[in-house]
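This report goes through a few parts of one structure in turn. Have the sequence and the model at hand while reading.

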Amino acid sequence: MRWSGKTRGGLIGNMTFVFLVKYFGIGAAYLLLIPVSFYFLFFAPTAFRASWQYAGKVGAGGKHFFRHLCFVYRHFYRFGQVLLDRVALIGGASDRFKIEFHDEDCVRNALARGRGIVILTAHCGGWEIACQLFGRFNRPVRVVAYAGEAEKIRKYFDQVLRNRSFAVIEDDGSGDVTFEILAALRAGEIVAMMGDRIKEHQDIHGAAVNFLGQKAILPTGPYRVAQVARSPIIVGFVSREGTYHYRFDHSAIELKPSHDRGSREAAIQDATNQYIKRVECFLEKHPEQWFNFYDFWKVADHV
Amino acid sequence: MTTIQVVGKINQIMVDLFEVQPDELKPESDLHKDLGIDSLDSVDLVVSLEKEFGIRIDESQAKQLRTLGEIYDLVVQRKAL
């Protein structure tokens, strides 16, 4: 199973939450999230199975059925909270949020090299908030996003999240997107990509890694493009620390130089291993902030 | 540099970078179907061509390249041979 690119919740559901955030405050939206998260416990079997499996891997639920179930509930709830925070923060209430961004100089120094930056993140924590943060560097920020989401929902959120400080490069699977990324990096821009999901349209050219004790396949595209453009890679995740409080932690990944296919693949494998270790470190501190609600490991069974 | 030299250098890049067999390198060879070049390889190829021949290939042009012959033509044209 690979990620299909579509998220649950129709347009009306999303509009209801946005309405609550906008007119009654985020607290009201959190309240509605309580029954909605319960609903997902019973009527979203794929997400439930994925969360249950993940809980076992991070040891979050222990061996007790009820504790396991509670974790899954909190997992759904936390996901909802981050989505709502995103609406509030990017939708216009950013002054209410405290966002810690440490070591900005690391990013400035990387940008000074003139080859753009690849920001490699994952579907954990507030990744969209992370992308928003890069607006402070006065460089165009582009986020590579899969174009599989329903058109109506996508357009709606484009409107709601009107204060986005980033533009989206839509990955339609055509392959042309790679040249768009290259052009952006050559222009010294910041390009954010996800390093965790293999999409349905992608060839299985991923790298096998050990993730939480089991083999998983990660995409190698971000490393390949960075390698070709000779752009630095910064791995970063935004964690939700509490109400109105987020924190961005990041560090560079060393991509070894390569001259042929063998050394290139070895360098990418090494970088992918570095990346997944940082994802694991993040999840160790924030186990409820892993937002891949499908069987993440299953794709590895077919490779 | 003659056209034959350009073709030879491009073929060498294909062999070195992508381990393509020399006998597969024909002008009509489709980059994707015949030579197994995916979109990421294409980016790699374009950057290598730029470096080897000291030319700049626009991203919009690069997207149009489908066969090895089109690459030969593009580089020859850019080098104005």
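This is a predicted model: local features need pLDDT of at least 70, side-chain atom pairs count only at pLDDT 80 or more; totals for chains, interfaces and linings use all residues.

The largest share, six residues, comes from H2(B). By class, the lining has 17 nonpolar, eight polar and 14 charged residues. The volume of the second largest pocket is about 1100 Å³.

| Helix | Residues | Number of residues | Span, first to last C-alpha | Expected span |
|---|---|---|---|---|
| H1 of chain B | 3-18 | 16 residues | 22 Å | 22 Å |
| H3 of chain A | 45-58 | 14 residues | 20 Å | 20 Å |

The span of H1(B) is close to the one expected at 1.5 Å a residue, and the span of H3(A) is likewise close to its expected value.

**Helix H1 of chain B.** Which residues of H1(B) are buried? They are B:Val6, B:Ile10, B:Asn11, B:Ile13, B:Met14, B:Leu17 and B:Phe18. These residues cover an arc of only 150° around the axis, so they are on the same side of H1(B). What they pack against comes from both chains: H10 of chain A, together with helix H2 (39-53) and helix H4 (68-79) of chain B.

B:Val6 is one of the residues in this helix. Its relative accessible area is 0%; buried means under 20%, and B:Val6 therefore counts as buried. The C-alpha atom of B:Val6 is separated by 23 Å from that of B:Asp38, and the two residues are 32 residues apart along the chain. Just after H1(B), B:Glu19 takes a positive phi of about 55°.

**Helix H3 of chain A.** The buried residues here are A:Ala47, A:Phe48, A:Ala50, A:Ser51, A:Tyr54 and A:Ala55. Seen down the axis of H3(A), they fall within an arc of 165°, which means that they line one face of the helix. Their cover includes helix H2 (26-43), helix H4 (65-91) and H10 of chain A.

A:Phe48 has its place in H3 of chain A. What does A:Phe48 contact, leaving aside its neighbours within four places in sequence? It is in contact with A:Leu41, A:Leu69, A:Val72 and A:Phe76. A:Tyr30 is 18 residues apart from A:Phe48 along the chain, and their C-alpha atoms are separated by 20 Å. Just after H3(A), A:Gly59 takes a positive phi of about 65°.

**A residue in H10 of chain A.** H10 of chain A packs with the buried residues of H1(B), and H10 is also among the elements that cover the buried residues of H3(A). A:Glu280 lies in H10, which runs over residues 261-285. Is A:Glu280 buried or exposed? Its relative accessibility is 17%, so A:Glu280 counts as buried. Not counting residues up to four places away in sequence, A:Glu280 touches A:Asn210, A:Phe211 and A:Leu212.

Definitions and conventions. Residues are numbered from 1 along each chain as its sequence is written. Chains are lettered from A and ligands numbered from 1 in the order in which they are written. Side-chain values use heavy atoms; hydrogens and water are left out. Helices (H or I, at least four residues) and strands (E, at least two) are DSSP runs, numbered from the N terminus. Buried means under 20% relative accessible area, exposed over 50%, partly exposed in between (1.4 Å probe, protein chains only). Contact means heavy atoms within 4.5 Å. The expected span of a helix is 1.5 Å times one less than its number of residues. The arc is that of the directions from the helix axis to the C-beta atoms. On a 1 Å grid over the protein atoms alone, a cavity is a set of points where a 1.4 Å probe fits but cannot get out, and a pocket is an open set with protein on both sides within 12 Å along at least five of seven lines; lining residues have an atom within 4 Å of a point. Grid points are joined across faces, edges and corners, and a volume is the space filled by probe spheres set on the points. Ala, Val, Leu, Ile, Met, Phe, Trp, Tyr, Cys and Pro count as nonpolar, Asp, Glu, Lys and Arg as charged, and the others, Gly among them, as polar.
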